[in-house]
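The sequence and the structure come next.

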Amino acid sequence: MSVTLSASKHLKLLRLLKSPKPSSSLLLRRLCGEPDRQPPKHDDEAIEATVTQALELLKQTPQHDWATFQPLHALLFSSNPSPHVLVRITRRLPSASAALNFVDYLRSNSPLQDAQVLSSAFLAVLKLAKREMDSPEMLSELYRVSKEWKVPLNVKAAVLLIRCFGRAGMVDESAVVFNELDPSLKNTHVCNAFIGVLLKAGRIDDALKMLDGMLQPESEVPLNDATADTFFQALLKKEYKGMWLSVEETVELVLKFGEHCVFPSSIMIIKLIARLCRGQKFNQAWDFLRELMKLHAPIEATCFNLILTELGRNGDVDRMNSLLREMKDADIQPDKTTFGILINTFCKLRRVDAALDVFKRMREGTNGIFVQADVVTYTTLIDGLCKVGRQEEGLAMLEQMRSLKGCAPNTVTYTCLIDGVCKGGEIDKAWELFDQMLKSGCSADAIVYHTIISGLSQAGRMDDASNVWSKLKEAGFHPNTVSYNVLIGGFCKRNMLEKACEIVKEMEEAGMKPDTVTYNTLIAYFSRAGDFSAAQSLMKKMVKEGFVPTVATYKALIHAGCLTGQIEEALKIFENISKSKLLPNTIIYNILIEALCKNNRVEDASSLMEDMKVKGVKPNTSTYNSMFRGLKEKNSLEEAFKLMDRMTTDACNPDYITMKILTEWLSAVGEINKLKIFLRGHSLSPAPG
């Protein structure tokens, strides 16, 4: 096998990928190295004595006198010289130049001209030269000398030169060594070395040509595991230039190797499946896995876990179950990660009971194999339970963790529970858990501080929230904008404007500017307080700072305008919403419609209802109730009947307020039958709590 380096950029893989399958006889591996023939133990002492004596003589004698120095000649050649003696002497000479002179001495004086001995001695020269200088130029000169002296390279020498030239970027020199090597020595080990050089140089066309020859049924150089690792490591390393094979083409190559019962390492297979999954190619990854199983490749649970993770991200539980069945059929045991993926997926889908079933199977074991749940598994379950309002079960699981050896809850575990009980309104329990966490040796991080500050602020316990805020800063953590906004919001809800302003000032001094949430929180406060002017001023400042008002901003301002009787100003702000390309929501329309109806401007309110229809904003029961009140005040029965029909068309159910307004009004004017007909098309919404 010889190689002529190609300059083409693209080699079609058709021939390579469609080459015939190997016959079973060619699956036998050729030995890739040349084992050193070790002398029998009883001869070793004699050999060592001869080597030591020879080295002493060589040291005492100038190199130009070796050929005429009879004691040396007698020691080495008086009887049949041992190859082990001659090679060992070469290896232990002090320099490459001395070793080269010794090989020349052997070549010229040894009565036994053994090519294998000379080749092994020359290998020692190459190794010494590489250690001394690692100079490709020196090795190139030595290779020239070997040809001049007609000393053939052995496999190890050829591989050394091919790799050294390759590392130096001298790929053409590597090719010369390969092509000039005795064909009988071009075994798999040599071919693998040369393929590695070609791949690292980005000459994938030439590497594929080599591989094509090795894949042929008549090839005397079969593939082995090292071939696969060499090839696929190069293809999966981004730093190798010229690696243009797509992931699909690489998959085809792996399967072609598999037909020869040769596979890349498990790590390489895992990396390839991971690459397919990252590219959203789940089906290809799954098909690849199936083909590998048919070929009896060494598949690990990790391969399945990668696909399960991607399916879990998409919430595709049915396909996850299918993959698990295939995993079971292949007799591949799920590991801790497998169970973790399933539990995490079910928890994210809020199917906590399904997650608990997986947890139970994990602990009870399958086929006699038990998987111990770790802190991550328990924490995932606790978080899932808390997110569906099952905090008590989460707390019970925490106690279970504390009773297990090596599974103590960590800061993340406590944070999940603290968040859960805070959202459930159990602030005292959150305090208790926080204290328990610190006593157990878990250090509080910024997230747990933020969680408990948020819970306390939501509950209106601002003194406690301020204390935790101080502890957060004492612990060396720097609050972020979200944390500042939580505290500002809490103070505003408790009408503690001065405290809220202190936090805003502290925020700015810490180098953080108020954001949209900060401004909206303060604008909402002033709107509730009826300070329309302050709310407007804040919005102007917000815009000046480069923030775009949101629907929430406009809602708060419109509410403030209506609350203070400045309906025209509120309507102007409403017009600005359309100019800003935002869509007003039902709440904004309701605020304006209610204010207009209270001010006897029912026609304007009706116009807004038509505007809702045009913009596709659906009115709710509160919208209709405001309109019914306004129409009742004007005794506009016909308009009320039309509105009742529209309410039926919109499938908007009346509530007890609707019933109260209409019953009082229609009974008084003798139109109670209209109300009965209206109610046939509706179910009554619950009364407001």
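Helices here are DSSP runs of H or I with at least four residues, numbered from the N terminus. The model is a predicted one.

## Helix α22: ends and length

Just after α22, Gly425 has a positive phi of about 80°. At the start of α22, a side-chain oxygen of Asn410 comes to within 3.1 Å of the backbone nitrogen of Val412.

Helix α22 covers residues 411-423.

## Helix α22: burial

How many of the 13 residues of α22 are buried? The count is 10, so α22 is largely enclosed by the rest of the structure. Buried here means under 20% relative accessible area.

The buried positions in α22 are Thr411, Thr413, Tyr414, Thr415, Cys416, Leu417, Ile418, Gly420, Val421 and Cys422. These buried residues pack against four helices: α20 (375-387), α21 (391-403), α23 (427-439) and α24 (446-458).

## The α12 and α13 pair

Helix α12 (residues 225-236) packs with helix α13 (residues 247-259) at an angle of about 175°, and their axes are 12 Å apart. Angles over 145 degrees count as roughly antiparallel, and α12 and α13 are therefore roughly antiparallel to each other.

From α12, the contact uses Thr227, Ala228, Phe231, Phe232 and Leu235; from α13, Thr250, Leu253, Val254 and Phe257 take part. By class, the residues of this contact are 7 nonpolar and 2 polar, with no charged ones. An α-helix has 3.6 residues a turn, so residues three or four places apart point the same way.

## Two buried residues

Ser527 is part of helix α28 (residues 516-528). With a relative accessibility of 1%, Ser527 counts as buried. The side chain of Ser527 reaches the backbone oxygen of Ala556 at 2.7 Å. Apart from neighbours within four places in sequence, Ser527 is in contact with Ala535, Ala556, Leu557, His559, Ala560 and Leu563.

Phe178 belongs to helix α9 (residues 171-180). Phe178 is buried, with a relative accessible area of 0%. Leu161 is 17 residues from Phe178 along the chain, and the C-alpha atoms of the two are separated by 9.3 Å.

Technical notes:
Residues are numbered from 1 along each chain as its sequence is written. This is a predicted model: local features need pLDDT of at least 70, side-chain atom pairs count only at pLDDT 80 or more; totals for chains, interfaces and linings use all residues. Side-chain values use heavy atoms; hydrogens and water are left out. Axes are lines fitted to C-alpha atoms, for helices over the stretch in contact, and angles run from 0 to 180 degrees between N-to-C directions. Angles under 35 degrees count as roughly parallel, over 145 as roughly antiparallel, 65 to 115 as roughly perpendicular and the rest as oblique. Contact means heavy atoms within 4.5 Å. Ala, Val, Leu, Ile, Met, Phe, Trp, Tyr, Cys and Pro count as nonpolar, Asp, Glu, Lys and Arg as charged, and the others, Gly among them, as polar. The expected span of a helix is 1.5 Å times one less than its number of residues. Buried means under 20% relative accessible area, exposed over 50%, partly exposed in between (1.4 Å probe, protein chains only). A polar contact is a pair of N or O atoms within 3.5 Å; within protein, one must be able to donate a hydrogen and the other to accept it, and residues adjacent in sequence count only if both atoms are side-chain atoms.
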